[in-house]
Amino acid sequence: MESIGALSKKLSDYLDPKKVDQVNKAYHFACEAHSGQLRSSGDPYVTHPIAVATILSSFRMDEDSIAAAMLHDVIEDTGIPKSVIEKKFNKDVADLVDGVSKLDKLTISNRATGEAENLQKMVLAMSKDIRVIVVKLADRLHNMRTLLYLNREKQVKIARETLEIYAPIAHRIGMNNIYRELEDLAFKVLYPTRSERLTAAVKKNRGGQKKTLDKIQKELNKKLLDQGIPALVEGREKHVYSIYRKMKERKRSFEEIMDVYAIKIIVDTPENCYRTLGHIHNLYKPVEGRFKDYIAIPKSNGYQSLHTGVVGLRGFPVEVQVKTQEMNDMAENGIASHWLYKSGNQSDTSPQVRARRWVAGLLEMRENFESTEEFIESVKTDIFPDEIYVFTPRGEIIEMSGGSTAVDFAYAVHTDIGHHCRACRINRRLAPLSVPLESGQTIEIITEKVPQTSPAWLNFAVTPRARNSIRHYLSNLKTSEARKFGKTLLDQSLGNMDIKLRDIDKLELRRVLNNIGVRSLNRLLEEIGLGLRVGNIVAQQFIGFLKENKEITSKNIVPLEITGSEGLIVNYAPCCKPIPGDSVIGHFTAERGLVVHQERCKNILSVREDPQQCFPVNWGESSGKVFTAEIKVIARDEPGLLANLAYAITSQETNISSIQTTEINTGMHEFVLHLEVSDRLHLSRILKKIRSLKSLVSVTRIHDHEMRQAKALH
Ligand code: MN
């Protein structure tokens, strides 16, 4: 059994004493919190967190993850609140513990079947920080290792969940060691007889093959030694569950699968991988079509290796993998090997190799991001979905875009449920319809016999399906009904600002209506009632125009202040991608509400002077929100170009959310990048940094996409 002493010693190998102290402090905290609790095995409860932390220490995870592992059951099992952990440790540790606890609450077993993939996405969407997943996987691994102490019913539930949700997630982020062990442990619980028979058969088969395998290994070893290539040649075991799966899915016999010898060769450098391959093909006859170069073109999860198939001694087929130690660690531990190599030197990889990896995705992150925070940030966009996943009361999963509300949910289930929805329960508690939902919640819609559809819902509904259904419904309303609806909404919005419609003097009102660009108050109310205008925005316009007591000219219209945090009422035009600091203008559309364009945007040009369609907006104080800017970089090809470009950008605290590259000329590359920036100043700092690149030809911001939608504006 793992002890705190042994763990501390392991941690001292790679962490400062101060950081080891944090883990020790977490240990004492956990001891006290769990004191008196026992595991089903009879051991003191705290042995479990120690074991989880020990698993993580083998990946050299950072001190916050290890402390979180130590405390991971404290919130759930002992009722100590998150705030206490934050005070005693820090926000990261508290967030991690909270994240793991949330996953614990997700009871997956009673859910509708056939939703495994959505459940995996839900788990990822709920985690947000990759370390939550890594801690959770280590927790699950230890629980699986000690499953025999639970009753049969619990064993099956946990094993099924492991097989359907957690093992695939481990696979997806490349943590293959954990993935294989989880699968084999779950297999053993779910199908004890099959697992036992297969394990015995594998053992027997290996015994029979051992002689031949030893001989091949010896031959290869000698050959490589003669050639001066330091190499480690080892037999590769397939895990039992993967053999079982292959037999089942591909309908192949055990013998067919086992009759292939598998060998892994680990060498020191990528160059020697290729050299080794040459020597193998020289020694044995390669099988056509079996050679794969995953070093030059890594798999999407970052996996790198050379694969080949040869015909070995006595005509037996042999599968061979050749890789470096680092590639091997990446293949076994995936994302977790980021921590393994974080402090390693980078000089052993050439710029070309690094550049290639940069394109490949995951591997690059480890190389280019100096701090763990940057790495986690960058992984986010790659792995964690933007969607949210929530449950219906019957356990079905509904996928919706982030920011969706109960109204969106109601329409996603059925249009009729949308129209008749009056209230909702989130996790069995009554909640307002406008609250943004979070992954993992169970949503129940309370309906009414009479339709409830309200234009007010357009203030917070996000999904096109809901918005279109609401508008469609409203457009069929009688004029009088629409007017009544509109009045209620405008009264409400103005009421929030302490203004009463009937207190506004007639002339004043006329002036306001002129400025807004409608002929009468009734017309304005109808438009609001029909969902053509949004009540909140009209109310803001009222405020602006009422403040202005001067003569009306189009010049003294008071601009609407925007910060990017208005939510769904204000949209930012995808054609010109405005960011704070740009001169901007607001444009009303029936489909999307207010859309903010750059003043220079071509798509807005023809309607810019029309007060019925456009009105001025100004940037208010920064809200900390990030905006997307698009830039184009042209540069001469040179070793490490991609890596240098990426570094120039990420050194300015920026996320690259997408990149496209094309070779425009021999030796000349064009990159189109989407960057997350806070404002113009931020963007100009980035551009400056890019301009300092030696091979740069030009860098420009793109803000003039032709939009097909532009036609709809007229
Ligand atoms: Mn646990």
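**Exercise 1. Which helix lies across β9 and β11, and at what angle does the helix run to β11?**

*Solution.* The structure is a predicted model, in which local features need pLDDT of at least 70, side-chain atom pairs count only at pLDDT 80 or more, and totals for chains, interfaces and linings use all residues. Residues are numbered from 1 along each chain as its sequence is written, and side-chain values use heavy atoms, with hydrogens and water left out.

Step 1. Identify the elements. Helices (H or I, at least four residues) and strands (E, at least two) are DSSP runs, numbered from the N terminus.

Step 2. Find the helix. Helix α21, residues 406–413, lies across β9 and β11. Contact here means heavy atoms within 4.5 Å.

Step 3. State the angle. Helix α21 runs at about 80° to β11. Axes are lines fitted to C-alpha atoms, for helices over the stretch in contact, and angles run from 0 to 180 degrees between N-to-C directions.

**Exercise 2. Determine the strand order of the sheet that contains β9 and describe its pairings.**

*Solution.* 

Step 1. Apply the criterion: two strands pair if DSSP finds at least two bridges between them.

Step 2. Give the order. The sheet is open, with three strands in the order β10-β9-β11 and antiparallel pairing. The edge strands, β10 (429–431) and β11 (443–447), each pair on one side only. On average, neighbouring strands of this sheet are turned by 35° against each other, direction ignored.

Step 3. Examine the bridges. Strand β9 (residues 421–426) is joined to β11 by five bridges; I426 has I443 in β11 as its bridge partner. Three bridges join β9 to β10, where C424 is partnered by A431.

Step 4. Examine the turn. Two residues separate β9 and β10 in a hairpin, and N427 in the turn has a positive phi of about 45°.

**Exercise 3. Identify the protein donors of the manganese ion and locate H72 and D139 in the chain.**

*Solution.* 

Step 1. Define a donor: an N, O or S atom within 2.8 Å of the metal (3.2 Å for Na, K and Ca); water is not among the atoms, so sites may look incomplete.

Step 2. List the donors. H48 (NE2), H72 (NE2), D73 (OD) and D139 (OD) lie 2.1 to 2.6 Å from the manganese ion. Their spacing along the chain is H-x23-H-D-x65-D.

Step 3. Locate the pair. H72 is in the loop between α4 (63–71) and α5 (74–78), whereas D139 is in helix α9 (residues 130–145), 67 residues apart; the pair thus links distant parts of the chain.

Step 4. H72 counts as buried because its relative accessibility is 0%. D139 counts as buried because its relative accessibility is 3%.

**Exercise 4. Is I50 buried or exposed, and which residues does I50 touch?**

*Solution.* 

Step 1. Classify the residue. I50 is buried because its relative accessible area is 5%.

Step 2. List the contacts. Not counting residues up to four places away in sequence, I50 touches E2, S3, I4, Y27 and M70.

Technical notes
Buried < 20%, exposed > 50% of the residue type's maximum accessible area, 1.4 Å probe, protein only.
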